[in-house]
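I opened my notebook to look up a few things in this structure. Here is what I wrote down as I went.

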Amino acid sequence: MFSIIIIASVILLITTVVMFLASILSKKALIDREKSSPFECGFDPKSSSRLPFSLRFFLITIIFLIFDVEIALILPMIIILKYSNIMIWTITSIIFILILLIGLYHEWNQGMLNWSN
């Protein structure tokens, strides 16, 4: 019983020493000016904040969020299938997917998905 405590203590001591040495050796000595400055979406934080901003970045972000929420809503529909009425589930799923497809067609028709403009 006493030897198990000694072995556990030695392993704990070795692990602590290795972690301490790894943290000391992994730190860089020089502080990089570029890495320590804040990054604001590609803008220089010290320049004027009234620079024109491309709405393409904003639109792509909104489209991503819409489809991200769509996936979060579609995945539980598969689980609900075995607990619900198949007819109501089918109608609800078709309506939901049609709304998303109409939205996707509208975004495509408006040119939001065309990045080359």
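I began with a question: what covers the buried residues of helix 4? I found that helix 3 (55–80) is part of that cover. This is a predicted model, so I keep in mind that my notes describe a prediction.

Next I looked up which residues of helix 4 are buried. They are Ser93, Leu100 and Glu107. I counted a residue as buried when its relative accessible area is under 20%.

Then I checked the length of helix 4, which runs over residues 86–110. At 1.5 Å a residue, its 25 residues should span 36 Å. The C-alpha atoms at its ends are 36 Å apart, so the two values agree.

What caps the N-terminal end? Asn85 does, with a side-chain oxygen 3.2 Å from the backbone nitrogen of Met87. After the helix comes Gly111, and I noted that its phi is positive, near 85 degrees.

Last, I stepped back to the whole protein chain. How many helices and strands does it have? I found 4 helices and 0 strands, and the pattern along the sequence reads α-α-α-α.

I also looked at burial over the chain: of its 117 residues, 6% are buried. The chain exposes about 10,800 Å², and carbon and sulfur atoms supply 75% of that area.

Conventions. Residues numbered from 1 in each chain as written. Predicted model: local features only at pLDDT ≥ 70, side-chain atom pairs only at ≥ 80, totals over all residues. Heavy atoms only, no water. Helix = DSSP H or I, 4+ residues; strand = E, 2+ residues; numbered from the N terminus. Buried < 20%, exposed > 50% of the residue type's maximum accessible area, 1.4 Å probe, protein only. Areas by Shrake-Rupley, 256 points an atom, 1.4 Å probe, with all protein chains shown as cover. Expected span 1.5 Å × (residues − 1). Contact = heavy atoms within 4.5 Å. Polar contact = N/O pair within 3.5 Å; in protein donor to acceptor, adjacent residues only side chain to side chain.
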